[in-house]
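I opened my notebook to look up a few things in this structure. Here is what I went through, in the order I took it.

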Amino acid sequence: AKHGCQRHTFVPWCTIPLQAIITMSTKRKADELTATAEDDEDAGPVLPATCLASVLNFMPYSDVRSFLPAGKFIAIDAAKHIETLNIMEPAGLDVPAARRFTNVSQVNILCVVTQAGSGSDQILSPDAVQRVLPFLSIFPKLKGARVGGSKPQPGFLPNEYFEYMCTFPNDHAAIFRGMIGAFCGAFKARLLPCDVNLKGVIGFGKISACQQEDEHPCRLCRDICASFPFSDVLHLARPEREETWGNIMLRGVCISQRERLEILKARPGGQEFIRSSAGAKWLLGALYFRNMYPSDNSAGYAFQERMKEQGAVFEKEVYFVEEYSFELIERLLAHGFVPRAASKEDVRSALISSPPVIWDVSSFRRLVGMGFALDAEDFILIDTKAEPGLER
């Protein structure tokens with residue numbers, strides 16, 4: 001109804017042949033949709049520009065472009081309403097042809113990597129890599145972009161380039177790093193929005209080793225931290241004990257968490273971002289908590305029954321925060337993070353599966369003392385040291 005289709009019989013778009021969509025859409029121009037009710041009933045089915053654009057948002061870019069010769073209606077009226085482009089082949093990364101899509105906010109470039117046969121080995125497309133940045137830079141309303149492939153990866157990996165999985169060409173690592181460096185320059189020159197949600201370019205598995213000397217730290221990793229969106233720099237690695245992240249492939253860059261934060265704070269607006277709700281939400285990721293379980297004896301059974309009576313959803317799970325996590329939080333607070341900036345919804349999402357949950361009262365009090373906005377009503381607080389029915 002909101003697209004002006006309320007007087008026409010609804011037909012699922014996925015059941016309509018592409019040529020039929022073209023035919024329906026070119027019957028009348030957009031300005032003719034204001035005709036009288038009698039005229040509408042006689043004219044047959046019509047897809048206004050906004051309806052057609054909603055269909056095209058989910059189609060491969062090659063199919064979208066195939067509509068363009070169908071008439072002025074599609075080429076001009078529908079194109080300006082399309083918000084998502086799905087590029088499935090390098091040839092689709094053509095700047096002049098894409099300039100007509102002035103309202104695009106999400107671009108999915110799904111031709112940078114392909115799967116080699118039925119296995120997990122990847123093939124990187126140098127042609128697509130060269131075209132990615134110039135193509136993305138033409139969309140003034142760009143909010144998000146994904147760079148990767150179209151075929152799902154085995155397991156739980158996102159469909160992105162991973163250096164350790166790519167087998168061709170031989171210099172694929174150098175090619176992909178060149179693209180990362182180009183993105184660093186684009187962000188510094190403000191060619192791309194500073195808050196674009198960019199997926200598939202930096203992070204886990206993108207870089208396996210860096211060229212550096214004792215007196216000359218890696219330039220690429222520092223450029224990443226000095227140019228990419230604040231949220232991307234924070235999420236290069238979850239807050240974690242640094243000694244467990246010796247492999248650069250895991251954390252995405254070769255410099256430590258402390259160095260990343262120092263570079264971030266030195267950037268214009270960096271300190272404000274750290275003190276914001278986004279920084280506080282990231283800080284919640286440093287809260288590593290573990291479970292205790294009731295003993296398999298009468299004391300443990302009695303504990304479970306008591307928790308059920310108090311309303312616990314999971315009476316067999318008791319949570320507490322490990323000491324190293326508290327130490328990490330203390331170090332991060334020194335950088336300016338503000339725990340209370342996190343919304344109650346973010347806190348609930350990070351710490352509470354289905355309230356009320358059972359928590360160690362000591363952990364709860366320490367978190368409150370650090371500034372986390374915890375609501376006691378969401379917890380059943382117990383002194384785990386005084387509970388004989390718990391295994392430690």
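Before looking at helix pairs, I noted that axes are lines fitted to C-alpha atoms, for helices over the stretch in contact, with angles taken between N-to-C directions from 0 to 180 degrees. I also kept in mind that this is a predicted model.

Entry one, the helix pair. I looked up helix 8, residues 172–188, against helix 9, residues 219–227, and found that their axes come within 9 Å and cross at roughly 35°. The crossing of helix 8 past helix 9 is left-handed.

Which residues of helix 8 meet helix 9? On the helix 8 side I listed Arg177, Ile180, Gly181, Cys184, Phe187 and Lys188. Their partners in helix 9 are Leu220, Asp223, Ile224 and Ser227. Sorted by class, this contact has five nonpolar, two polar and three charged residues.

Entry two, the rings. I counted pairs of aromatic rings whose centres lie within 6.5 Å, and the total came to 16. I then followed one cluster, where ring pairs link Phe289, Tyr319, Trp359, Phe364 and Phe379.

I also checked for a charge over a ring. Arginine 366 lies over the face of phenylalanine 326, 3.9 Å from the ring centre.

I wrote down 18 helices and 12 strands. How much of the chain is buried? Of its 392 residues, 48% count as buried. Last, I took the contacts between residues at least 6 apart in sequence, and 70% of these join residues at least 24 apart.

Terms used
Residues are numbered from 1 along each chain as its sequence is written. This is a predicted model: local features need pLDDT of at least 70, side-chain atom pairs count only at pLDDT 80 or more; totals for chains, interfaces and linings use all residues. Side-chain values use heavy atoms; hydrogens and water are left out. Helices (H or I, at least four residues) and strands (E, at least two) are DSSP runs, numbered from the N terminus. A crossing is left-handed if the near helix is turned anticlockwise from the far one by less than a right angle, and right-handed if clockwise. Contact means heavy atoms within 4.5 Å. Ala, Val, Leu, Ile, Met, Phe, Trp, Tyr, Cys and Pro count as nonpolar, Asp, Glu, Lys and Arg as charged, and the others, Gly among them, as polar. Rings of Phe, Tyr and Trp (its six-membered ring) pair if their centres lie within 6.5 Å; planes under 30 degrees apart count as stacked, over 60 as edge-to-face and the rest as tilted. A charge sits over a ring if NZ of Lys or CZ of Arg is within 6 Å of the ring centre and within 35 degrees of the ring normal. Buried means under 20% relative accessible area, exposed over 50%, partly exposed in between (1.4 Å probe, protein chains only).
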